[in-house]
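This briefing is intended for a reader who wishes to check selected local features against the coordinates.

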Amino acid sequence: MPGAELVDPVAYAPWWPWVSLAIAVAVVAWFVWVVRSTRAPAAPTAPPGPATAPPAPTSRRDPYAALRGTTLARLDEVERRYRAREVDTRAANLEIRYVLREFATARTGVDTSAMTASAARADRRTRPLASLLEGTSVPTFAATSRARVARSLAEARKRVRAW
């Protein structure tokens, strides 16, 4: 090839470095977005309610007296709503389960928000919760049930007072 035919390479346009920088920033931003949107929050958020954390002890004999009082008041509210026909048997049993799980979480320090009866029975700290979860599972999940809300409430109150 003769030397007269050689041509210098064509220079890149001045805007190409900016395009490559924008692509790199977009890729990094996409990775950050994916990581942040697929991870759980750093600090667990507790559901609203007064029984999510153990209250300060009010007496030397029973450090859970305030927690018991709050839980029993919430069970009374479930009963009131059921008697006023604001909730049906299924919804009342769901609320009883929710209140009992919050009480057990505050009482033991173990997260019981999604605990099954068999899992509660396996852990010695949550064993008293297992029978209550079993007793309220049939009226909660069955298509029809002959369970009585009054009986579920009585058992829940008995367990809260004794535990």
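How many aromatic pairs does the count come to? The count comes to 3 aromatic pairs. The model is a predicted one, and the values below are computed from it.

**Aromatic pairs**

- One of the 3 pairs joins Trp 30 and Phe 31, whose ring centres are 5.2 Å apart with planes at 70 degrees, so the pair is edge-to-face.
- Trp 30 counts as partly exposed, at 49% relative accessibility, and Phe 31 is likewise partly exposed, with a relative accessible area of 48%.
- Another pair is formed by Phe 103 and Trp 163: the ring centres are 5.7 Å apart and the planes stand at 75 degrees, so this pair is also edge-to-face.
- Because Phe 103 lies in helix 3 and Trp 163 in the segment after helix 6 (149-162), the pair ties together parts that are 60 residues apart in sequence.
- Phe 103 is buried, at a relative accessible area of 1%; Trp 163 counts as buried too, at 12% relative accessibility.

**Nonpolar surface patch**

- Ile 23, Val 27, Trp 30, Phe 31 and Trp 33 form a nonpolar patch on the surface.
- Together, the residues of this patch have about 590 Å² of accessible area.
- Phe 31, a member of the patch, is placed in helix 1, which covers residues 16-38.
- In an α-helix there are 3.6 residues a turn, so residues three or four places apart point the same way.

**Helix 3**

- Gly 109 follows helix 3 and has a positive phi, near 85 degrees.

- Arg 68 lies in helix 2, which covers residues 65-83.
- Is Arg 68 buried or exposed? With 13% relative accessibility, against a limit of under 20% for buried residues, Arg 68 counts as buried.
- Neighbours within four places in sequence aside, Arg 68 is in contact with Asp 62, Phe 103, Arg 107, Val 160, Arg 161 and Trp 163.
- Arg 68 thus contacts both Phe 103 and Trp 163, the two partners of the edge-to-face pair described above.

Note on methods. Residues numbered from 1 in each chain as written. Predicted model: local features only at pLDDT ≥ 70, side-chain atom pairs only at ≥ 80, totals over all residues. Heavy atoms only, no water. Patch = residues over 30% accessible without salt bridge, like charges linked within 9 Å, V, L, I, M, F, W, Y side chains within 5 Å. Areas by Shrake-Rupley, 256 points an atom, 1.4 Å probe, with all protein chains shown as cover. Salt bridge = Lys/Arg side-chain N within 4 Å of Asp/Glu carboxyl O. Helix = DSSP H or I, 4+ residues; strand = E, 2+ residues; numbered from the N terminus. Buried < 20%, exposed > 50% of the residue type's maximum accessible area, 1.4 Å probe, protein only. Contact = heavy atoms within 4.5 Å. Phe/Tyr/Trp six-rings, centres within 6.5 Å; stacked < 30°, edge-to-face > 60°.
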